[in-house]
Amino acid sequence: VKPLMEVKMGEVLPVEQVRTWKRVPPRMVELAQARGAYEELAALYTTERATAEQLADQLAAAGLMPRERILIQQAGGVLGAHAGPGAVGIGGLLK
């Protein structure tokens, strides 16, 4: 089971649990779409940049933002230590 978490106002909140890794990126994209339009958007990773690149491709395919505008960024030490190896995430600034 892969937990989906949200960091909001400095607090980590559980969103839901996804049963397989294959379902995680599409579900994350769905959740991002539900938030609305973005000014800025980033795919975050702790140890595997390729996974974040794939997530960015899926975000662009969903029409959230052109691929060349989506940043690929390694998560910082605090978030990375809590999320663990292999974690990915989406960060964004809503319009």
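Predicted model: local features only at pLDDT ≥ 70, side-chain atom pairs only at ≥ 80, totals over all residues.
## Strands S1 and S2

Strand S1 covers residues 2-8, and strand S2 covers residues 11-18. The two strands pair in the antiparallel sense, with seven bridges between them. Within this pairing, Lys-2 of the chain stands opposite Val-18 in S2.

S1 and S2 form a hairpin with two residues between the strands. In this hairpin, Met-9 takes a positive phi near 55 degrees.

Met-5 belongs to strand S1. Its relative accessibility is 47%, so Met-5 counts as partly exposed; the class in between runs from the 20% limit for buried residues to the 50% limit for exposed ones.

Met-5 is also a member of a nonpolar patch on the surface, together with Val-7, Val-12 and Leu-79. The accessible area of these four residues together is about 370 Å².

Not counting residues up to four places away in sequence, Glu-6 touches Glu-11, Val-12, Leu-13, Val-15 and Arg-35. The side chains of Glu-6 and Arg-35 make a polar contact of 2.6 Å.

Side chains of opposite charge can pair when their charged atoms come close. Glu-6 and Arg-35 form a salt bridge, in which the closest N and O atoms are 2.6 Å apart. This pair links distant parts of the chain, since Glu-6 lies in strand S1 and Arg-35 in helix H1 (residues 24-35), 29 residues apart. Arg-35 has a relative accessibility of 46% and therefore counts as partly exposed.

## Further salt bridges

The whole structure contains six salt bridges. Because Arg-27 lies in helix H1 and Glu-16 in strand S2, the pair ties together parts that are eleven residues apart in sequence. Arg-27, at 25% relative accessibility, counts as partly exposed, and Glu-16, at 27%, also counts as partly exposed.

Arg-67 forms a salt bridge with Glu-53, and the closest N and O atoms are 2.5 Å apart. Here too the pair links distant parts of the chain: Arg-67 is in the loop between helix H2 (49-61) and strand S4 (71-74), whereas Glu-53 is in helix H2, 14 residues apart. Arg-67 counts as partly exposed at 25% relative accessibility, and Glu-53 counts as partly exposed at 25% as well. Both residues take part in a network of salt bridges that links Arg-49, Glu-53, Asp-57 and Arg-67.

Ala-37 is located in the loop between H1 and strand S3 (38-45). With a relative accessibility of 45%, Ala-37 counts as partly exposed.

Ala-37 and Leu-64 are 27 residues apart in sequence, and their C-alpha atoms are 6.9 Å apart in space. Not counting residues up to four places away in sequence, Ala-37 touches Leu-94 and Lys-95.

How values were computed:
Residues numbered from 1 in each chain as written. Heavy atoms only, no water. Patch = residues over 30% accessible without salt bridge, like charges linked within 9 Å, V, L, I, M, F, W, Y side chains within 5 Å. Areas by Shrake-Rupley, 256 points an atom, 1.4 Å probe, with all protein chains shown as cover. Salt bridge = Lys/Arg side-chain N within 4 Å of Asp/Glu carboxyl O. Helix = DSSP H or I, 4+ residues; strand = E, 2+ residues; numbered from the N terminus. Buried < 20%, exposed > 50% of the residue type's maximum accessible area, 1.4 Å probe, protein only. Polar contact = N/O pair within 3.5 Å; in protein donor to acceptor, adjacent residues only side chain to side chain. Contact = heavy atoms within 4.5 Å. Pairing = 2+ DSSP bridges.
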